[in-house]
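Student: I am new to this structure. Could you take a close look at one part of it with me, the sheet and what packs on it?

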Amino acid sequence: MIRVLIADDSRVMRQIVIRTLRQAGYDWDVREASDGQEALEAVRADEPDVVLSDWNMPNLTGIDLLRRLRAEGFSTPFGFVTSEGSDEMRTLADEAGALFLIAKPFTADTFRDAIDPVLA
């Protein structure tokens, strides 16, 4: 079973992401982090198979989380699920090594379209 870490400072958003993953057919083992720093510590303690992260979070943003993980040698597959997806954000995400960026509004189909090509 794939182990996913969902990092978002909104508990409601984490629950929406979990529900959408299940609707998309991903029966993954889910852990949660309420900000980027907590996510960084969670990966250091027990590296998941994939990280799904918000972009804007307190303490450590999603892009800074990704950069820190790569700087520390973690190659954990990493995707963003966030409220906005500008071209600049997508470029930064690509350059930092993100597999995808899913912007709201999203559906189970959106998740499958982004996740299946890289993780299935």
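Tutor: Let's begin with strand 1 (residues 3–7) and strand 2, which pair in the parallel sense over 5 bridges; two strands pair if DSSP finds at least two bridges between them. Strands (E, at least two residues) and helices (H or I, at least four) are DSSP runs, numbered from the N terminus. Across this pairing, Leu 5 has Arg 31 in strand 2 as its bridge partner. This is a predicted model, where local features need pLDDT of at least 70 and side-chain atom pairs count only at pLDDT 80 or more, while totals for chains, interfaces and linings use all residues. Residues are numbered from 1 along each chain as its sequence is written, and side-chain values use heavy atoms, with hydrogens and water left out.

Stepping back, 5 strands form an open sheet with parallel pairing, in the order 2-1-3-4-5. At the edges are strand 2 (29–33) and strand 5 (100–103), each pairing on one side only. From one strand to the next, the twist averages 20 degrees.

Now for the helices on the sheet. Helix 3 (residues 62–71) lies across strand 3 (50–53) and strand 4 (78–82), and runs at about 175 degrees to strand 4. Angles run from 0 to 180 degrees between N-to-C directions, and axes are lines fitted to C-alpha atoms, for helices over the stretch in contact; contact means heavy atoms within 4.5 Å. Helix 5 (residues 108–119) lies across strand 3, strand 4 and strand 5, running at about 170 degrees to strand 5.
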